[in-house]
Amino acid sequence: MRKLSKSARNSFINYGIVLVFFLVFQIMLSMGKLSSSFSGQLIPICTYVIMAVSLNLVVGISGELSLGHAGFMSVGAFSGVVMASCIQNVVGPSWLRLALSILVGALCAAVAGTIIGIPVLRLRGDYLAIVTLAFGEIIKNVLNCLYVGVDSHGLHISMKDAVSLGMEADGITIINGPMGALGIRKISTFISAVVLVLIVLFIIQNLVNSRSGRAIKAIRDNRIAAESCGINVMKYKMMAFVVSAAAAGAAGALYALNYSTVVPKKFDFNTSILILVFVVLGGIGNLRGSMIAAAVLTVLPEMLRQFQDYRMLIYAVVLILVMILTNNRRAKDALGRIKDTVFRRNRLQEADK
Amino acid sequence: MKKKLLAMLLATAMVCSVTACGGDSAGTADNSADAGETTETTDDAATTDDAAAADDGAADDAAADATGSGSLTGTLKLGVIGPLTGAAALYGNAVDSGSAIAVEEINAISSDFQIELNAQDDEHDAEKSVNAYNNLKDWGAQAIIGCVTTTPCVAVASEANADRMFMLTPSASATDVTKGKDNVYQLCFSDPNQGSASAQYISDNGLAEKVAVIYNNSDAYSTGIYQTFQTAAESLGMDVVSVTTFTDDTANDFSVQLTEAQNAGADLIFLPIYYTPASLIMQQAASMSYDVKFFGVDGMDGILSLEGFDTSLAEGVMLLTPFSADATDDKTVSFVGKYQAANGEIPSQFAADGYDCAYAMYAALTYYADKNGGFNVDGVSYQDLCEILISVFSDPSFSVDGITGEGMTWTAAGEVNKAPKAVVIKDGAYAGL
């Protein structure tokens, strides 16, 4: 372990956290100790962790403020649902269907990310934020008009209404405009969600710690200096943006296949902001922080249900308190002192040996 | 090494705190209740097939319960799921208050049978709604009134179907809510019912030569009604000259849609939308001096109590609605009085639906108790209660007289049978047609 670089050690700690999280809850689930309220949230937690980690790649590592991350999630969600419906009777095992659907969701979102990224990444700062915001809204409105059905002849797509799909009598409408996808068969499982979290973490952490990752960070820190060193700015920015979009698409497919229905309205501006809140609270550029923030902030509103009407008020107060405390010098000093004490004790113990 | 140790320590501490929170979320009381619930379930599992027989046995054992044959005893834990906050909060709160009034009345009837009500917020979101449902399950809910809105209801209904929890939705009107789920029943008309009934009504009464439709294509309710209206209109040979749409984000200017309808020469506009955008459409049509008839559905109910709306604009508007607060029968008058006293506003159709839902549950349990010589709901698992309620609701001889309809019966598919009432707005009030 000692020979591992700091970044590699960090990566392994992240995998460890995910695995411990998985083991603890899996054991509690199998023992029936977990309340249904909590067990119902395991897959959403994993989804939001992936969303937060992938957005952190754009916001933290690449340094671009993106406000349309939920748009990629919805592209992944709906393409994943279409894929899952198409292969429902073709592919036997449900885990394989889920894996294929997630893959298609990720690919579609990556394509969307490329198309959006080419014009958008030429912009900087506020302009980029505004255009990504618009992108999320456009995706939502396009999906509101999208009708997809499947029958024995294959896929039918219409932008007008369900009647104009012209399907045979046995056809199934998969996506029904603003009503979204209905009658999805639930195939997401907790294990598959954790595996997806690990895969996404593996890809993103390796990207961040690679040569390309250093290039991306160099562009974030000083674009002109990076350019003068011969770094292709567009290429590396696109790399971060598209990988992030693909991860969001995978998360979207996982999310959609956990519920029997998803609607385009779900993936609106508010959801994008929610994910941005995870990233900011967890620490911009800090993957572990955003993982933990996503998990805690997903569970928090449910834990506050006993406060009824004041629930969201308390939620907001908690957010503000966390923001203040993490940026407070005194709080940081106190944490540092605790760290020092622990270290000193460790050192003493080692000296004893 | 030390740093690694520290990191590991922090990581485990973090995980532990998350787990601890997980325990907390259920609360200690809930946990013990949960434990009780599970033991009950296992007890019941042994006698699932003859749950009724076992209950009869229990009634015989307990002298208190054997007071009269056919009496309903115990405390029913009833969950309500609806949007209590957010954009659709109006509907969820109305259902919540309506059902609370009904529960108060039922609890006053006899101290032997009580209903405990627990309303959980779903923010009109499928994910939050499933969370709310799971929360109610932890609380020990035996049956659910909900969900109020369509999309969350579809998500919760499939969970409830897998768990075998009975659901009676006051207002989720899409067919997908009940499709393929034998444990989900609707108290409101389904969308196809409304769409085709509207088309039928317009065509039967020769209300219009040319019809225009303006609907909200970002809303499941509106699109659902439009689709069935369109199908019915085609088969009736109705001349639909203009179909235009808007979304929640563009619901503040309808001049384009109205101009198109006017140019197409429509003399009736069908509005399968909620009352807030509908009021704007009427205002703008009046300012364009476009004289046209409007026909609405139950979402239009409430337009007369809208603040700042000139009710003379709604003169002659026709709508299909199961409930009108101006009705003069005793039940409605008493309900409207109580609702106004409690909430300071005139109840909407949603409040009436919530009221009727609680009464329908009560009626179903009474019906079952009558048939089986008494029934104690205490400790009956939700799975057992679900089968009992399904057997009652699918029974054609079971009917409920409520304020949203007399003699409501249900099909085995979960749809309600009641007569749609068409009303016209005359002198700022509903009048029968």
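W410(B) has V416(B), in β14(B), as its bridge partner. This is a predicted model: local features need pLDDT of at least 70, side-chain atom pairs count only at pLDDT 80 or more, and totals for chains, interfaces and linings use all residues. Residues are numbered from 1 along each chain as its sequence is written, and chains are lettered from A in the order in which they are written.

**The sheet**
- Strands β12-β13-β14 of chain B, in that order, form an open antiparallel sheet.
- Strands are DSSP runs of E, at least two residues long, numbered from the N terminus; two of them pair if DSSP finds at least two bridges between them.
- Two bridges join β13 (residues 405–410) of chain B to β14(B).
- β12 (400–402) and β14 (416–417) of chain B are at the edges with a single partner strand each, so one side of each has no neighbour in the sheet.

**The two domains**
- Chain B splits into domain 1 (65–189 + 336–417) and domain 2 (192–321), with bounds from an automatic or database domain assignment.
- Their C-alpha centres lie 31 Å apart.

**The interface in chain B**
- Ten residues of domain 1 contact nine residues of domain 2 (heavy atoms within 4.5 Å).
- The two domains bury about 900 Å² between them, and carbon and sulfur atoms give 56% of that.
- Buried area is the accessible area (1.4 Å probe) that two parts lose on being put together, summed over both.
- Y91(B), F189(B) and Q349(B) supply 49% of the area that domain 1 buries against domain 2.

Note on methods
Side-chain values use heavy atoms; hydrogens and water are left out. Helices (H or I, at least four residues) and strands (E, at least two) are DSSP runs, numbered from the N terminus.
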